[in-house]
Amino acid sequence: MKLFRAALLASALTLPLAAGAVYAATPADALVIAQNLDDIVALDPAQAYEFSAGEINTNVYDRLVQYEAEDTTALVGGLAESWEADEANKTLVFTLRDAQFASGNPVRGDDVLYSFKRVVSLNLTPAFILTQLGWTPENIDEMVSVDGNTVTVKWDGDFASAFVLNVLAARPASIVDEVLVSQHAEGEDWGNAWLNTNSAGSGPFVMTDYRPAELVRLTANETYFRGAPAMKQVLIRHVAEAATQQLLLSSGDVDMAKNLTPDQIGGLGDTIKVETYPQAAVHFLSFNQKTESLTPPAVWEAARYLVDYDGMTQSFLAGQMEKHQAFWPKGFPGSYDETPYSYDVEKAKQILADAGIETPINVSLDVINSAPFTDIAQSLQAGFSEAGINFDILPGTGAQVITKYRERTHEAMLLYWGPDFMDPHSNAKAFAYNSNNSDDNYTATTTWRNAWAVPDEMNQEVLAALAEGDQDARNAMYVDLQEKVQAESPIVIMFQAAKQVAMADNVDGFVNGATSDFVYYRLVTKN
């Protein structure tokens with residue numbers, strides 16, 4: 001096994017080994033990672049929509065504005081050195097910095113227009129993030145215009161410029177090298193096939209090798225405008241089995257393991273450290289308002305005191321989730337981090353009694369049939385039964401559960417939600433907006449799927465926050481919305497996911513933000 005691991009590492013890094021040598025230390029200027037990469041469908045930023053793909057995109061592409069490794073909560077200039085907003089005319093004017101792509105080609109305004117145009121024209125999965133600005137293949141040349149190193153971006157809709165900036169910081173807004181990509185275009189594919197196995201960015205790394213279900217190799221971009229990374233290579237090995245990841249890490253054949261279980265993490269030695277990073281996904285219990293017994297607000301309020309938040313996060317969810325009771329994840333501007341609810345059966349009983357709610361209430365609870373969801377469901381079942389609310393757990397595949405949710409045929413649902421881009425509106429629309437609750441108005445939000453006719457006042461506040469130009473005032477509005485949803489809605493937000501990454505104790509500077517788009521290798525060093 002040791003010889004096999006040594007050969008695996010050597011072949012991956014293309015470093016020569018003496019015949020029969022046993023190699024159990026990674027190079028000082030290379031970061032070697034064991035990670036499950038089987039979720040990758042596409043790597044072209046106009047198409048990529050999976051977690052692992054987002055991580056790779058972030059490390060090889062820049063955007064006009066972006067959240068950086070130094071502070072993943074602050075939106076800063078990327079390829080744009082500066083910008084000016086004109087809220088009245090719905091315009092942002094960007095001045096590009098002096099930067100170049102890894103190919104050596106200069107970054108031009110034309111590259112920005114080309115990048116946006118190809119996303120809108122290809123119209124693949126993540127295109128909606130840009131097209132919500134009113135962009136179409138027919139008008140994109142009017143909505144995005146170029147004058148030398150100045151790019152003017154327009155939008156159509158009642159959006160604050162802060163919202164538009166967050167859209168432009170999202171993955172499909174990555175800027176690609178028009179000259180290089182055009183050389184590899186096939187027919188009308190805008191270079192899509194080529195970009196799914198190659199990169200054409202200006203970021204700190206270049207993807208120099210991608211073998212599906214085997215490896216991704218990133219090589220340092222020595223001309224990166226923020227300075228070349230210390231790691232000359234980042235090698236991400238596809239290792240699907242967590243036990244094999246643990247073995248490779250413990251033996252020193254990899255520097256980092258991304259997919260270990262809590263039990264495996266608990267058994268690691270002293271030379272390995274474990275870092276925990278809050279993630280953007282929030283986990284919730286929701287009640288379908290088509291079920292009459294679940295419509296009284298007293299049931300919603302009592303439910304908040306029947307979740308054993310601490311009991312779960314301190315036992316089987318330890319390291320995987322933390323208590324969080326608001327719809328926007330902790331760690332980003334506009335988050336509301338207060339957690340006023342705790343497990344209190346007697347209080348829940350009193351709330352139900354005071355409202356004249358008759359028990360028992362029998363409810364079916366749909367849940368994805370895998371850990372930790374089934375474990376959470378069993379904890380909820382035990383806690384709620386103490387107050388006379390009886391859950392009949394209905395496990396199913398992810399596809400089965402989500403399909404039922406979209407059809408609004410569930411009673412109670414245990415699920416999670418992650419933002420499509422890092423702007424509070426992404427989740428505010430999902431948890432606090434539903435202006436048309438009719439069955440024929442399918443909407444991909446938790447509110448519509450739970451048939452909750454959101455009060456008009458709250459709907460209007462969501463729209464006002466979207467249009468608010470002052471960022472501090474805007475954040476305050478989202479905090480207010482979270483307090484209202486937290487206090488009175490049929491959606492009980494319980495947890496925020498966390499990710500644990502195990503790494504050798506000589507690895508420093510790794511950054512894992514709240515989404516896969518915020519995973520950075522640029523600052524990594526090995527001492």
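User: Is Phe116 buried or exposed in this structure?
Analyst: Good place to start, and keep in mind that this is a predicted model. Anything under 20% relative accessible area counts as buried. Phe116 has a relative accessible area of 0%, so the word for Phe116 is buried.

User: Which kind of aromatic pair do Phe116 and Trp135 form?
Analyst: Their ring centres lie 5.3 Å apart, with 35 degrees between the planes. Planes under 30 degrees apart would count as stacked and those over 60 as edge-to-face. Phe116 sits in helix H3, while Trp135 is in the loop between helix H4 and helix H5. The pair of Phe116 and Trp135 is tilted.

User: And what about the rings of Tyr305 and Tyr341, how are they arranged?
Analyst: Let's look at where they are: Tyr305 lies in the loop between helix H11 and helix H12, and Tyr341 in the loop between strand E13 and helix H13. Their centres are 5.2 Å apart and their planes are at 75 degrees. Since an angle over 60 counts as edge-to-face, the arrangement of Tyr305 and Tyr341 is edge-to-face.

User: How do H18 and H19 run, roughly parallel or roughly antiparallel?
Analyst: These two helices pack at an angle of about 155 degrees, with their axes 9 Å apart. Angles over 145 degrees count as roughly antiparallel. Therefore H18 and H19 are roughly antiparallel.

User: How many residues of the contact of H18 with H19 are charged?
Analyst: The residues that meet include Glu457 and Glu461 in H18, and Arg474 and Lys484 in H19. The contact has nine nonpolar residues and no polar ones. The number of charged residues is five.

Methods: Residues are numbered from 1 along each chain as its sequence is written. This is a predicted model: local features need pLDDT of at least 70, side-chain atom pairs count only at pLDDT 80 or more; totals for chains, interfaces and linings use all residues. Side-chain values use heavy atoms; hydrogens and water are left out. Axes are lines fitted to C-alpha atoms, for helices over the stretch in contact, and angles run from 0 to 180 degrees between N-to-C directions. Helices (H or I, at least four residues) and strands (E, at least two) are DSSP runs, numbered from the N terminus. Angles under 35 degrees count as roughly parallel, over 145 as roughly antiparallel, 65 to 115 as roughly perpendicular and the rest as oblique. Contact means heavy atoms within 4.5 Å. Ala, Val, Leu, Ile, Met, Phe, Trp, Tyr, Cys and Pro count as nonpolar, Asp, Glu, Lys and Arg as charged, and the others, Gly among them, as polar. Rings of Phe, Tyr and Trp (its six-membered ring) pair if their centres lie within 6.5 Å; planes under 30 degrees apart count as stacked, over 60 as edge-to-face and the rest as tilted. Buried means under 20% relative accessible area, exposed over 50%, partly exposed in between (1.4 Å probe, protein chains only).
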